Amino acid sequence: MSRYLDLLKGMLGAAPTKPEKVSEKVQKIMFLKYEDKDRYIKEKLHARDHHIVSHKWRNRRWAVLIATNLLFVFSFWLDIQILEGALTASRFVGFHLIDLNSALHVMLAHKHIIVNLFIGTFTVFLLWVLLGGRSFCSWVCPYHLLAEWTEKLHLWLVDRKIVTDHEFHRGTRTVFWLLFALLSVVTGYTIFETISPTGILSRALIYGPGLALGWVFLLLLFEVFWSRRAWCRYVCPIGLTYGAVGALSPLQVSFHVEHCFHEGDCRKVCLVPHVLDVTIKGRAAEETLGLGPDCTRCGLCVDICPTGALRFEVKGLAKLL
Amino acid sequence: MSENEPRPAAHKPAMSIEKAQKARRKFLQSVGLTAGIVGISLLGYIPVSSARAPRLRPPGALDEADFLSSCIKCGQCVQVCPVAAIKLGDIDDGFGLGVPYIAARDQACDFSCDAVQCILACPTGSLTYEKPDFLKVRAGAPLAHAPILKAKEKDAEPSLNLKERFGVARLARPASCLAVQGKGFKGLARGADFEGEMRYVDVDRWAPIPVRDHPYERDICDLCVTECPIKDAISLQPFVNEAGDQRFMPVVQEQCVGCGVCEMICPVDPAAIVVDAQAVWKEAAR
């Protein structure tokens with residue numbers, strides 16, 4: 001329970017802490033791991049040598065993200081009517097689907113909920129409870145994909161010391177979430193929706209480009225030249241909303257301390273590296289740990305881990321089988 | 001944020017000076033980021049508050065402020081419109097970004113969907129058949145009775161499920177109106193390049209065709225009257241002008257819903273008759 005609370009606090013912006021108590025099993029694992037230093041190094045190098053670098057999960061994810069967005073586009077362009085609307089609200093073969101954050105802001109601003117709005121919101125809520133909340137970010141959001149590509153450029157520039165990365169406090173996103181909710185209630189306008197690159201990009205794909213893409217471009221520039229993945233990490237309330245929704249999700253990336261050599265490759269590729277704090281030596285209190293609600297289930301860490309210490313898992317499924 | 005910023009208090013030995021400075025810088029930058037993004041987001045209020053002319057919203061739209069607050073910006077109304085009359089606002093519309101509107105002169109709503117499909121498609125009730133009780137109804141906005149669609153006049157149910165108008169037509173430039181000048185009209189109403197569409201019942205009851213494929217020939221121009229999709233919304237009235245000549249003039253009547261077909265079809269440029277977006281019926285408002 002305390003781990004669960006810590007994860008929620010971590011999502012809201014708190015810095016990860018060292019566990020007060022490490023289970024006996026983990027103590028034993030760590031003892032065995034470091035008992036013979038030479039063997040440990042040998043095993044580590046062995047794992048490295050045999051690691052086939054794959055982009056399996058990244059490729060699957062990009063395919064799903066592109067396919068989902070194209071389904072929106074073609075439903076309109078070719079009039080195949082499978083997924084009509086945009087990411088903010090749509091109908092999948094007639095069933096209402098409504099983005100949770102957009103729905104929240106309409107409810108707060110308009111202060112009236114009609115049946116279709118409720119049905120659509122509830123359906124999507126269930127969907128993301130099952131599929132793991134922030135999976136929306138990495139598997140659906142079109143801005144995530146663009147930002148992922150420009151992130152490469154940013155890292156390249158950082159590598160050559162042309163730009164430096166500026167980190168903000170992660171709690172900023174929580175402040176944004178509260179401020180935008182407050183603004184919706186007080187002003188009666190869904191203000192976040194007018195600057196959300198997720199909505200802007202989704203509509204631009206489906207209904208054609210507009211001036212609003214200039215704003216998305218500015219955000220990407222900011223991320224390339226100032227701060228790595230700034231929008232997703234420090235601003236976007238959609239991520240926090242979905243994070244909260246997926247807090248109890250059975251679908252997660254889990255960490256198995258037994259297989260980890262604590263080298264930290266995973267933290268370097270992660271959008272939300274604080275969720276991988278458990279991979280630091282001495283931070284894992286249990287043998288197996290879910291990465292928690294802020295993890296976008298993007299799978300980059302799963303791809304890069306040379307030892308299989310990080311994997312996709314459905315909670316409880318292993319026990320059932 | 002440089003070397004000359006105040007040193008952190010000396011009684012905090014738990015954190016090195018460098019670390020404290022870093023944390024402080026991070027905090028200030030985070031505050032800056034918050035202020036910057038919120039500031040930019042509030043810029044959207046400028047186009048909303050200084051709107052020169054209100055946008056013509058799709059039929060069944062709530063009053064402007066409620067419309068902007070309830071619209072989820074998904075464009076499902078855009079997708080169902082058979083004549084593609086509905087467009088979405090861009091970033092220069094401020095809070096109206098992604099919110100649907102109709103540019104009547106380019107493509108008016110001609111109700112060729114028969115059932116006001118955009119209202120049916122709206123997931124949030126921004127476009128609605130039945131306004132919720134807590135929203136007030138502006139005087140002059142309600143229609144005296146359900147508008148009768150000329151195309152459906154012989155059907156068992158000829159009316160549209162529309163309780164309030166979304167605009168009112170007005171003869172804005174009577175001097176340029178062909179009927180007022182005593183002129184007829186022959187040819188394509190909007191020229192060969194015009195891309196707008198309309199449903200002509202005698203051509204095809206179910207599918208709209210381009211206006212440029214439908215030439216007209218009239219002794220006295222009455223396109224706004226004959227092409228109006230709503231019954232009893234506009235008529236051609238005789239009058240005697242200052243020179244003593246017998247002339248005609250289109251007169252907008254109380255059943256006008258504000259669809260904008262008259263503005264689209266008017267062959268003079270700029271249109272002699274225009275639709276005033278979000279306007280109410282003045283006589284009823286008094």
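## Two domains in chain A

In chain A, the centres of domain 1 and domain 2, taken over C-alpha atoms, are separated by 28 Å. Domain 1 covers 2–50 + 250–316 and domain 2 covers 57–244, with bounds that come from an automatic or database domain assignment. Before going on, note that this is a predicted model: local features need pLDDT of at least 70, side-chain atom pairs count only at pLDDT 80 or more, and totals for chains, interfaces and linings use all residues. Residues are numbered from 1 along each chain as its sequence is written, while chains are lettered from A and ligands numbered from 1 in the order in which they are written.

Where the two domains meet, domain 1 of chain A puts in 18 residues and domain 2 of chain A puts in 21; a contact here means two C-beta atoms, placed from the backbone, that lie within 7 Å. On the domain 1 side, helix H1 (2–12), strand E4 and helix H16 (300–304) of chain A each bring at least two residues. H16(A) gives the most to that side, with 3 residues. Helices (H or I, at least four residues) and strands (E, at least two) are DSSP runs, numbered from the N terminus. By type, the domain 1 side divides into 10 nonpolar, 5 polar and 3 charged residues.

## Where the chains meet

Now for the two chains together: 45 residues of chain A are in contact with 36 residues of chain B. On the chain B side, helix H1 (17–42), helix H3 (64–70) and helix H4 (76–80) each supply at least two residues. H1(B) gives the most to this side, with 10 residues. The chain B side divides into 17 nonpolar, 14 polar and 5 charged residues.

## The largest nonpolar core

The largest nonpolar core has 149 residues, and A:Cys301, B:Cys118 and B:Cys262 touch the most other members. Such a core is a set of buried Ala, Val, Leu, Ile, Met, Phe, Trp, Tyr and Cys residues joined through C-beta atoms within 7 Å. A residue is buried if 20 or more other C-beta atoms lie within 10 Å of its own, exposed if 12 or fewer, and partly exposed in between, with C-beta atoms placed from the backbone. Helix H5 (residues 100–110) of chain A gives the most to this core, with 6 residues.

Leaving out residues up to four places away in sequence, A:Cys301 touches A:Val253, A:Cys266, A:Val269, A:Cys270, A:Leu276 and A:Leu310.

## An enclosed helix

Helix H14 (residues 237–245) of chain A has 8 of its 9 residues buried, so it is largely enclosed by the rest of the structure. The buried residues of H14(A) are A:Pro237, A:Ile238, A:Gly239, A:Leu240, A:Thr241, A:Tyr242, A:Gly243 and A:Val245.

## A sheet and a hairpin

Chain A has an open sheet of 3 strands in the order E5-E4-E6, with antiparallel pairing. Two strands pair if DSSP finds at least two bridges between them. Strand E5 (288–290) and strand E6 (310–314) of chain A are the edge strands, each pairing on one side only. Strand E4 (residues 251–256) of chain A is joined to E6(A) by 5 bridges, and A:Phe255 has A:Leu310 in E6(A) as its bridge partner.

Over in chain B, strand E8 (residues 234–240) and strand E9 (residues 246–252) pair antiparallel over 7 bridges. B:Phe239 stands opposite B:Arg247 in E9(B). E8(B) and E9(B) make a hairpin with 5 residues between them, and B:Gly244 in the turn has a positive phi of about 90 degrees.

Most residues other than glycine have a negative phi, and most peptide bonds are trans. A:Lys161 is not a glycine, yet has a positive phi of about 55 degrees. A:Lys161 sits in the loop between helix H8 (142–159) and helix H9 (171–187) of chain A, and counts as exposed because it has 7 C-beta neighbours inside 10 Å.

B:Lys73 also is not a glycine and has a positive phi of about 65 degrees. B:Lys73 is in the loop between H3 and H4 of chain B, and counts as buried because it has 29 C-beta neighbours inside 10 Å. Finally, a cis peptide bond joins B:Asp269 and B:Pro270, with omega about 0 degrees. B:Pro270 lies in the loop between helix H7 (261–265) and strand E10 (273–277) of chain B.

Note on methods. Nonpolar A, V, L, I, M, F, W, Y, C, P; charged D, E, K, R; others polar.
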